[in-house]
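Trainee: I am new to this structure. Please show it and take me through it in questions and answers.

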Amino acid sequence: MTSLPSAEDLRRRARDAAEQCGVDLDAVAGDRPVTSPINGEPLFSVRMHSRSDAEQAVNRANDAFRVWRTVPAPVRGALVRRFGELLREHKEDLGTLVGLEVGKITSEAAGEVQEMIDICEFAVGLSRQLYGRTISSERPGHRLMETWHPLGVVGVISAFNFPVAVWSWNTAIALVCGDPVVWKPSEAAPLSALASAALLDRAIAETGAPDGLSQVLIGGADLGEALVDHPGIALLSATGSTRMGRAVGPRVADRFGRSLLELGGNNAAIVTPTADLELTTRGIVFAAAGTAGQRCTTLRRVIAHESVIDPLVERISAAYRTLAIGSPLEAGTLVGPLISDSSYKSMQDALQAARQQGGRIVAGGNRRLAEEAPGAFYVEPAIVRMSEQTDIVRQETFAPILYVLPYSTFEQAVAMNNDVPQGLSSSVFTGDLAEAERFLGPEGSDCGIANVNIGTSGAEIGGAFGGEKETGGGRESGSDAWRAYMRRATNTINFSGSLPLAQGVKFDI
């Protein structure tokens, strides 16, 4: 393992990448330091926005909405097409910023930007497919139909672990649906946000779209609260913890706004006696250790049949010992740093609780590179054997801890999968078609994502993304998730020349 890059090297990379994307660093400079988890040292300092800035941003966005909603959807799609082209041109630059600010390894940072490109392609096609329905009327000489119209300004609050992709899911769809976006990104990744916004601003200027369609607010929780409470935000899309969702949901509902919540995940994989253990091991290791366990879809529980649990744990443990841990910028690294010291503390607290609740750590859990970078937090992904699903197992710890639990019957395994408050992602590894179908059926997984012979992470943009229970119930990205960004109208057209009433009602005057 080589040494971590110098602070000056990281600053230079950040500066070059941001400028390549069109960020005016002098204009955004301020007194709030941006720290890289790679070495725990500052990259840059940015200017924070205020609540009055948020008020002005929402007002500008509503002015833009009154223009943008009248633009034909395929023309709106042309803006998103150009944005996607610019993302392709600057994929490496933006990926560099993502890696520097949140510590993703190079392939995962580039993959996040690829998600942005993919959702732009999806949204361009969608711009010609915002379909309504024609419905049979019970009255002769009448036509019943539904139409979809732009909703209004969309507020987006995103988390550090996907600092740009989740914004793009919302933004690409919102723009083709006719909605401007005001974005409050994670405080951990302002440069990535500013670079993404600069590319979109360029696309807006080049296509002649109205100013105010895309705005970014750099700041803390007070700016998020300003968007949550603002009556000018028609839809508030928020990604974060369940605790955050409990606060956001009722406040948006209190003003009769819409919310789209993507909250916690405590995802499980069931491993049956017929599973291909080599394939299973590969799927488990990436889902559990990728992004240093800091994905909402990270695999946190393995529920393995008692006949395969011992050889499976041996395989996973052996694979964990080969994981390259270190600078995410170095070729071959598979596990980068945790985002902060608080994440490291949460991991250690969870491991201690697991021990107290009967767990046994069979691999990992130790800190790495502490002497070289005291302000950075690299850890060995941990595997913990548990005899039952205790309180700590039911909690989501945003770090690479994998709990392994035994089961004896498939019904018991499914019940364990569902016996947590969260309901985002799940999977089953099996060679039994009946087990796969049962897992996907109404008595199977209660999660928004249910997979067979693949891990819990790595969702594609073509499917709707989101979960049930304390995950929030929202859906983003593909399928018909676009409907959340539009309002539906039911229309009746009478061309009969008379006025029959529905349900046989008589009202003659």
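Mentor: Start with a term: buried means under 20% relative accessible area, exposed over 50%, and partly exposed in between, with a 1.4 Å probe and protein chains only. This is a predicted model, in which local features need pLDDT of at least 70 and side-chain atom pairs count only at pLDDT 80 or more, while totals for chains, interfaces and linings use all residues. Residues are numbered from 1 along each chain as its sequence is written, and side-chain values use heavy atoms, with hydrogens and water left out.

Trainee: Does Thr280 count as buried or exposed?

Mentor: Thr280 is found in helix H11, residues 277-289. Helices (H or I, at least four residues) and strands (E, at least two) are DSSP runs, numbered from the N terminus. The relative accessibility of Thr280 is 0%, so Thr280 counts as buried.

Trainee: Which backbone oxygen does the side chain of Thr280 reach?

Mentor: Leaving aside neighbours within four places in sequence, Thr280 is in contact (heavy atoms within 4.5 Å) with Val271, Ala275, Leu312 and Phe429. The oxygen in question lies 2.7 Å from the side chain of Thr280, and belongs to Asp276.

Trainee: How many disulfides does the count come to?

Mentor: A disulfide is counted as a pair of cysteine sulfur atoms within 2.5 Å. By this rule the count is 0 disulfides. Cys120 is in no disulfide, as the nearest cysteine sulfur, that of Cys177, is 13 Å away. That distance is too far for a bond, so the count stays at 0.

Trainee: Does Cys177 count as buried or exposed?

Mentor: Cys120 has 2% relative accessibility and counts as buried. For Cys177 the relative accessibility is 0%, so Cys177 counts as buried.

Trainee: What distance separates the end C-alpha atoms of helix H8?

Mentor: Helix H8 covers residues 190-207 and has 18 residues. The expected span is 1.5 Å times one less than the number of residues. That gives 26 Å for H8, which agrees with the distance between its end C-alpha atoms, 26 Å.

Trainee: How many of the 18 residues of H8 are buried?

Mentor: Just after H8, Gly208 takes a positive phi of about 75 degrees. H8 itself is largely enclosed by the rest of the structure, because its buried residues number 13 of the 18.

Trainee: What is the radius of gyration of the protein?

Mentor: The protein has 16 helices and 23 strands. The radius is taken over C-alpha atoms, and the globule rule is 2.2 Å times the number of residues to the power 0.38. For 509 residues the rule gives 23 Å, and the protein is close to this, so it is as compact as a globular protein of that length, with a radius of gyration of 24 Å.

Definitions and conventions
A polar contact is a pair of N or O atoms within 3.5 Å; within protein, one must be able to donate a hydrogen and the other to accept it, and residues adjacent in sequence count only if both atoms are side-chain atoms.
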